[in-house]
Amino acid sequence: EGFNCNMTLVFSLVQAAVASEVGAHVISPFVGRISDYHKNILNENFPVDQDPGVLFVKSVYNYVHGHQYHPHPMVQASSFRSKEQVLELVGCDVITIAPKILSELSSTPGDAAEVKLTPANSKPPCPKLQVPDGRSFRWHLNSDEMAAHLLADG
């Protein structure tokens with residue numbers, strides 16, 4: 001109590017839901033690690049609007065803002081692989097950007113940074129997840145192959 005907690009290594013919606021319920025200050029999904037996982041498993045590249053990492057951050061943002069948690073956690077998108085991923089998530093509460101991508105963005109026209117995410121337009125991707133205990137949480141988490149794999153890697 002009294003500490004601002006950053007829930008990092010978020011790879012599943014159940015993690016974001018529990019973090020929101022317990023009052024985490026920041027929820028940090030890792031865009032690039034999720035994208036890399038899907039790219040390696042499926043052996044294909046995704047257009048940015050279909051990028052699994054980008055879509056996951058959007059679902060976390062919409063879940064947190066759509067369910068109107070109070071106080072609502074900030075969603076901090078991290079671990080980007082491209083400037084296109086960053087531009088697709090403009091409007092996210094917090095975005096951490098590596099110097100290389102920040103440099104690429106500095107030469108991008110200003111009108112390319114259209115706001116895509118806003119609390120007012122957030123619609124939850126699903127009803128509030130009910131996770132009454134640790135056993136239920138682990139079941140949900142382990143049911144998500146990608147999340148279980150990436151968490152095991154740390």
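Me: Why does asparagine 45 count as exposed?
Reply: The relative accessibility of asparagine 45 is 59%, and the scale calls a residue buried under 20% relative accessible area, exposed over 50% and partly exposed in between, using a 1.4 Å probe and protein chains only; asparagine 45 therefore falls in the exposed class. This is a predicted model, in which local features need pLDDT of at least 70 and side-chain atom pairs count only at pLDDT 80 or more, while totals for chains, interfaces and linings use all residues. Residues are numbered from 1 along each chain as its sequence is written, and side-chain values use heavy atoms, with hydrogens and water left out.

Me: Where is asparagine 45, and how far is it from serine 35?
Reply: Asparagine 45 lies in the loop between H2 and H3, where helices (H or I, at least four residues) and strands (E, at least two) are DSSP runs numbered from the N terminus. Its C-alpha is 8.9 Å from that of serine 35, although the two residues are 10 apart in sequence.

Me: What makes the phi of asparagine 43 worth a remark?
Reply: Most residues other than glycine have a negative phi. Asparagine 43, in the loop between H2 and H3, has a positive phi near 55°, and with a relative accessible area of 70% it is exposed. Leucine 9 also has a positive phi, near 55°, but it is found in strand S1 and, at 22% relative accessibility, counts as partly exposed.

Me: Which peptide bond is called cis, and on what value?
Reply: Most peptide bonds are trans. The bond from histidine 70 to proline 71 is cis, with omega near -5°, and proline 71 lies in the loop between H3 and S3.

Me: How do you know that glutamate 88 is buried, and what does it touch?
Reply: Glutamate 88, in helix H4, has a relative accessibility of 11%, so it counts as buried. Contact means heavy atoms within 4.5 Å, and, leaving aside neighbours within four places in sequence, glutamate 88 is in contact with Val48, Asp49, Val54, Lys58 and Lys116.

Me: What makes H1 a largely enclosed helix?
Reply: Seven of the nine residues of H1 are buried, so the helix is largely enclosed by the rest of the structure. Those residues are Leu13, Val14, Gln15, Ala16, Ala17, Ala19 and Ser20, and what covers them includes strands S1 and S2 together with H3, H6 and H7.

Me: How is the packing of H1 against H6 described?
Reply: Two packed helices are described by the angle between their axes and the distance between the axes. The axes of H1 and H6 come within 8 Å and cross at roughly 150°, where axes are lines fitted to C-alpha atoms, for helices over the stretch in contact, and angles run from 0 to 180 degrees between N-to-C directions. Val14, Gln15 and Val18 of H1 meet Phe137, His140 and Leu141 of H6.

Me: Which residues touch the most other members of the largest nonpolar core, and what is such a core?
Reply: A nonpolar core is a set of buried Ala, Val, Leu, Ile, Met, Phe, Trp, Tyr and Cys residues joined through side-chain atoms within 4.5 Å. The largest one has 36 residues, among which Val60 and Leu89 touch the most other members, and H3 gives the most to this core, with seven residues. Not counting residues up to four places away in sequence, leucine 89 touches Val31, Val54, Val57, Lys58, Ala77, Phe80, Ile95 and Leu117.

Me: Why is cysteine 5 called partly exposed?
Reply: The relative accessible area of cysteine 5 is 42%, so this residue belongs to the partly exposed class. Cysteine 5 lies in the segment before S1 and touches Ala24, His25 and Val26, not counting residues up to four places away in sequence.
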